[in-house]
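Trainee: Could you walk me through this structure, one question at a time?
Mentor: Gladly; let us look at it together.

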Amino acid sequence: MAANRRNGTASEAHGLDDILAAAAPHPRTALPNVATTVTTVAALYFGREVFLPIAIALLLTFALAPFVSALKRVGIPRIAAVIASVLSAFAALALFSFVVATQVSELAQNIPVYQTNILAKIRSLKETGVGGGIIARLSSVVERVGQEIDRQDATLPAATADKPPREPVPVEIVARERPLEVLQNIVGPLISPLGSAGLIIVVVIFMLLEREDLRDRFIRLVGYGDLHRTTEALQDAAKRVGRYLLMQLVVNIVYAIPIAIGLWILGIPNALLWGMLALALRFVPYIGPAIGMLLPLFLALAVAPGWSLVLWTAALFVVMELVTGNVVEPWLYGSRTGLSPLAIIVAAIFWTWLWGPLGLVLSTPLTVCLVVLGRHVPQFEFLDVLFGNEPVLEPHARLYQRLLAGDPDEATDHAEEMLEEKYLVEFYDKVAIPALLLGERDRVRGVMGDLQRRQVAASALALVANLEDDAKEEAAEDESSDAGEPGDAADEDEAELPDGTGMSLLCAGGRGELDDAAAAMLAQVLEVQGATASKAGFADMEPASIRRLELETIDTVVVGFLNRDSVKHARFLVRRLKRAKAALRVGIVFWSETGNGDKEAADKLAQDINADFVAHGMVDAVTGALSNEPPVALKLVAKRRMRRPRAAPRKVPAAAAS
């Protein structure tokens, strides 16, 4: 990992254009107006009889398209491949439904057998006092209701000795329905679902047959002006949704088979039913596995007199959920749906309210389609912002926001996540310094007060202190890699930062607290390279304070400026520091100076201000600070003598002269 993180780090030098482009605010995402949102939601709600079958057919088309393409590559004609794929899929669904219905019917017949065990467990709970208060109250309420029902009505005449009570006459109701009415009562409730299923089958077949034509029409309708973007959006949507449905089916099968086998071994009745329900319910995000677990737990409670079977059943589901969620799912598809966890929950609530239970099952793939649409179509970018799992803020902007909020701990968490793949110098160069540039820009604009500026600087310094352990680990990692065998050809092509062993440096801020934070970051990177780096604040660079600096053991002083209009001040500091110690190397870092990629311009500026080097990024600063070049001599500035103006000759009167 160290070699991968190091690759290309030392050879990159960021120009001002790159830094300012990263620091520039992202354009505001346009949100739809209220009327458009309400109209769209109302159309989906009141038109669910039309939109729901089309949505199911569209998702099934995405799922079956890879199978159709595979059959076509084998040599099967298009029509035959489409019909075979669709009929196979719906035959599997029909067989699944038949097995579930058969198992449910068998379970319903055996429920009265389990009544004794349930009553025994309730009595044991009541005797042990667990929940006894609630059970007693419920029992008393039921008894009172029964007594009230059995109580004789006071308005009816009571029975006397002369008139004995009349016995009720049994009445038998005989239903005389015609065979046609019986058939209508049985078939009537099935007409609507069968009709919807037939409609979905027909739509899926035609979508698969006319897939290319539908794609072309969609492109002509919404994206003819940008074929590249529209094509990319369609391919991304088909790939994401199809892969999600297929991988989710595989994951659910891997989850359901051990569940069914485990329940059968434990002796739970209808284990096949619970395994199949676990397979189907796991398509429902979050609550589906919980529902699939509760039903077998209730049955385990009913079939056995003790509690051990309940505990073993719960352990089976918990273990399988942990293995599936932490091993199988990341292995097969990870988080490739592109949805954030909160978006999945919100989408499940929304689509359930909109289209009922089917909407709950379809919530994740439908939301994936919306996120893909927002990722590729600018008008719908808000969908990607709301539901996507990609960070909506650039890393440097997110870091600056945490520094503004005075939360260095969360900033440290984000930094440590990035340091798993990057070196410290790259993090400071690409993320931390641009974040400080945002703060400097706000200071120049006048939107950041003194108190807030000091808070941002203090949070940045706290971040540097929190990353001290990471810096030590990185330094130890570099030492171990240097002590090993020489690297391969790929390692030889990498540009390594210089070794700073034996060098003593001083990093100082130029004109403010934010400059001090940048200097602390540079000092930490220099320590990683083996140098001894100390820090000084911008107040130590004042004329009266420079004389008090202990420069006897210092080889190089590096002063950094976030403000681009600091050339004159830098020239002044260079002269002061070199006068304090003639053999001192002085480097200037203009974090926001122009010409970051122009080496000649940097050398020319260094000559102009009499500095040993001028850098514009973290890599250039480290390279210049750890250079072994001799210090540049201080140029003597010729002073002009203040001469008194020569007095004009006096004019002597002629009489006096004679």
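Predicted model: local features only at pLDDT ≥ 70, side-chain atom pairs only at ≥ 80, totals over all residues.

Mentor: Residues are numbered from 1 along each chain as its sequence is written, and side-chain values use heavy atoms, with hydrogens and water left out.

Trainee: What percentage of the residues in the chain is buried?
Mentor: Buried means under 20% relative accessible area, exposed over 50%, and partly exposed in between, using a 1.4 Å probe and protein chains only. The chain has 658 residues. Of these, the buried share is 38%.

Trainee: How many residues are in the largest nonpolar core?
Mentor: A nonpolar core is a set of buried Ala, Val, Leu, Ile, Met, Phe, Trp, Tyr and Cys residues joined through side-chain atoms within 4.5 Å. Among those with the most contacts inside the largest one are Leu 399, Phe 427 and Met 618. Its residue count is 57.

Trainee: How does the span of helix 12 compare with the one expected, and what is that expected value?
Mentor: Helices (H or I, at least four residues) and strands (E, at least two) are DSSP runs, numbered from the N terminus. The expected span is 1.5 Å times one less than the number of residues. Helix 12 covers residues 287–303, 17 residues in total, and reaches 25 Å from its first C-alpha to its last. That is close to the expected 24 Å.

Trainee: How much space lies in the largest cavity?
Mentor: On a 1 Å grid over the protein atoms alone, a cavity is a set of points where a 1.4 Å probe fits but cannot get out. Grid points are joined across faces, edges and corners, and a volume is the space filled by probe spheres set on the points. The search finds 4 cavities of 30 Å³ or more. The largest holds about 50 Å³.

Trainee: Which helix gives the largest share of the lining of that cavity?
Mentor: Lining residues have an atom within 4 Å of a point, and here they include Leu 399, His 414, Met 418 and Phe 427. Helix 16 (395–404), helix 17 (408–419) and helix 18 (424–445) each give two or more residues. The largest share, 4 residues, comes from helix 17.

Trainee: Is Ala 80 buried, partly exposed or exposed?
Mentor: Ala 80 lies in helix 5, residues 78–110. Its relative accessible area is 38%, so Ala 80 is partly exposed.

Key: 1 Å grid on protein atoms, 1.4 Å probe; cavity = no way out; pocket = protein on both sides within 12 Å on 5 of 7 lines; lining within 4 Å.
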